[in-house]
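Student: Could we go through this model together, one question at a time? I would like to learn how to read it.

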Amino acid sequence: MNEGLIPHRYAKALYKVAVERGEDKALYDLCGRLTDAFAAEPAFQQTVANPFVSDSDKLSLLMTAAGATDKDRTYCDFLKLLADNGRIGFAAAVARDYRAIYRRQNNIYRVDVVSAGKLDPSEEERLKKLIQARLDGGKMEYSSTVDPSLIGGFTVNIDNRRLDASVKNQLKQLRLALLN
């Protein structure tokens with residue numbers, strides 16, 4: 001079976017249960033911390049997938065990584081279900097898929113701005129307002145980073161769409177035009 005399909009099915013079921021229990025937002029936050037932990041430490045996925053590490057140790061790691069407690073019933077039930085079905089190695093993928101489903105259902109857009117230098121706070125607020133106006137009433141999860149290799153300007157990624165207003169991109173387009 002497709003390994004992308006398995007986590008997505010678990011995530012859909014998890015979302016449905018979380019909504020029924022009224023824990024969908026709390027679970028969204030827990031899954032966010034879990035995906036951040038996996039992104040910050042690449043060896044974490046290897047540990048969770050390692051057959052020589054006990055399921056109880058894996059569960060403990062996944063609870064700690066998400067900052068979960070025993071009161072987070074849906075999250076605990078989810079981890080136990082993964083462990084019982086031998087799917088604990090899919091925890092990161094299920095968490096990512098859950099967050100994508102939650103965003104889609106709640107009209108939330110991930111907005112990542114990368115600029116060549118630190119944006120002035122007033123420029124950043126202006127940019128946020130321009131982006132917000134394009135989201136058709138949706139909410140925005142905004143993050144920004146600096147990448148000096150852009151030379152100047154910025155890029156804006158909204159989910160799967162990208163606006164590239166960087167000098168680096170303009171130079172690349174000029175080079176391509178000259179080559180043709």
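Student: Which elements make a right-handed β-α-β unit?

Tutor: Helices (DSSP runs of H or I, at least four residues) and strands (DSSP runs of E, at least two) are numbered from the N terminus. A crossover is right-handed if, with the strands pointing away from the viewer, the path from the first strand over the helix to the second runs clockwise. Here the right-handed unit is made by β1, α7 and β2.

Student: Before we go on, what kind of model is this?

Tutor: Residues are numbered from 1 along each chain as its sequence is written, and side-chain values use heavy atoms, with hydrogens and water left out. Local features need pLDDT of at least 70, side-chain atom pairs count only at pLDDT 80 or more, and totals for chains, interfaces and linings use all residues, as this model is predicted.

Student: In which sense do β1 and β2 pair?

Tutor: Two strands pair if DSSP finds at least two bridges between them. Strand β1 covers residues 108-115 and strand β2 covers residues 139-146, with eight bridges between them. Within this pairing, valine 111 has tyrosine 142 as its bridge partner, and valine 113 stands opposite serine 144. The sense of the pairing is parallel.

Student: Is serine 144 buried, exposed or partly exposed?

Tutor: Serine 144 sits in strand β2. Buried means under 20% relative accessible area, exposed means over 50%, and partly exposed is in between (1.4 Å probe, protein chains only). The relative accessible area of serine 144 is 39%, so this residue is partly exposed.

Student: How many residues of β1 are buried?

Tutor: Strand β1 has eight residues, and it is largely enclosed by the rest of the structure. That description holds because the number of buried residues in β1 is six.

Student: Which residue in β3 stands opposite valine 113?

Tutor: β1 also pairs with β3, this time in the antiparallel sense over five bridges. Valine 113 stands opposite valine 156.

Student: Which residue in the hairpin of β3 and β4 takes a positive phi?

Tutor: β3 and β4 pair in the antiparallel sense over six bridges, and valine 156 has leucine 163 in β4 as a bridge partner. Two residues lie between the strands of this hairpin. Most residues other than glycine have a negative phi. The residue with a positive phi, near 50°, is aspartate 159.

Student: What is the phi of isoleucine 151?

Tutor: Isoleucine 151 lies in the loop between β2 and β3. Its relative accessibility is 55%, so isoleucine 151 counts as exposed. Although isoleucine 151 is not a glycine, its phi is positive, at about 70°.

Student: What is the volume of the largest pocket?

Tutor: On a 1 Å grid over the protein atoms alone, a pocket is an open set of points where a 1.4 Å probe fits, with protein on both sides within 12 Å along at least five of seven lines. Grid points are joined across faces, edges and corners, and the volume is the space filled by probe spheres set on the points. For the largest pocket it is about 230 Å³.

Student: How many charged residues are in the lining of the largest pocket?

Tutor: Lining residues have an atom within 4 Å of a point, and among them are Leu127, Phe154, Arg161 and Arg162. α7 (121-133), β3 (153-158) and β4 (161-166) each give two or more residues to this lining. Ala, Val, Leu, Ile, Met, Phe, Trp, Tyr, Cys and Pro count as nonpolar, Asp, Glu, Lys and Arg as charged, and the others, Gly among them, as polar. The lining has eight nonpolar residues and no polar ones, and the number of charged residues is three.
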